[in-house]
Amino acid sequence: QVHLVESGGGLVQAGGSLRLSCAASGSGFTINDMGWYRQVPGKQRGLVASITSGGIINTFDSVKGRFTISRDNAKNTVYLQMNSLKPEDTAVYYCNAVATLPSGMRINYWGQGTQVTVSS
């Protein structure tokens with residue numbers, strides 16, 4: 001079992017910055033891809049950015065140049081540095097991790113979500 005714990009959300013003014021963190025805990029697994037998704041009421045959850053264990057990054061177009069994803073493989077932790085925040089970035093941000101279990105099975109895990117609110 002993998003448990004994801006997120007931190008770093010909050011309220012910030014437009015143009016400000018926040019840094020989200022997500023740590024994966026548990027035993028007997030290997031973390032593969034990690035990423036951040038976001039969701040606003042009435043809309044589907046969508047990818048913000050993802051990063052493989054080898055460091056390959058995929059970033060949603062609307063946040064390119066403003067958001068940076070990174071990870072510390074030794075700590076099984078992924079970060080999302082968010083700069084130049086806009087009101088339209090307001091959402092619940094969810095951490096995601098794909099883990100490989102000893103059986104070889106790959107399972108998708110989600111964090112509990114952290115609210116990011118950007119005021120204009």
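Modeller: Two strands count as paired if DSSP finds at least two bridges between them. This is a predicted model.

Colleague: What holds the strands of a sheet together in general, and which strand is joined to β9 by 8 bridges?

Modeller: Strands of a sheet pair through backbone hydrogen bonds, in a parallel or an antiparallel sense. Here the partner is strand β4 (residues 30-39), which runs antiparallel to β9. Thr30 faces Thr100 of β9 across that pairing.

Colleague: How many residues lie between β9 and β10 in their hairpin?

Modeller: There are 5, and Gly104 in the turn has a positive phi of about 95 degrees. The two strands pair in the antiparallel sense over 5 bridges, with Thr100 opposite Arg106 in β10.

Colleague: Is strand β9 mostly covered or mostly open?

Modeller: Buried means under 20% relative accessible area. By that cut-off, 8 of the 10 residues in β9 (residues 91-100) are buried, so the strand is mostly covered.

Colleague: What is the strand order in the open sheet of 4 strands?

Modeller: The order is β1-β3-β8-β7, with antiparallel pairing. Strands β1 (2-7) and β7 (67-72) are the edges, each pairing on one side only. From one strand to the next, the twist averages 15 degrees. Inside the sheet, 6 bridges join β3 (residues 18-26) to β8 (residues 77-82), and Ser21 stands opposite Tyr79 in β8.

Conventions. Residues are numbered from 1 along each chain as its sequence is written. This is a predicted model: local features need pLDDT of at least 70, side-chain atom pairs count only at pLDDT 80 or more; totals for chains, interfaces and linings use all residues. Side-chain values use heavy atoms; hydrogens and water are left out. Buried means under 20% relative accessible area, exposed over 50%, partly exposed in between (1.4 Å probe, protein chains only). Axes are lines fitted to C-alpha atoms, for helices over the stretch in contact, and angles run from 0 to 180 degrees between N-to-C directions.
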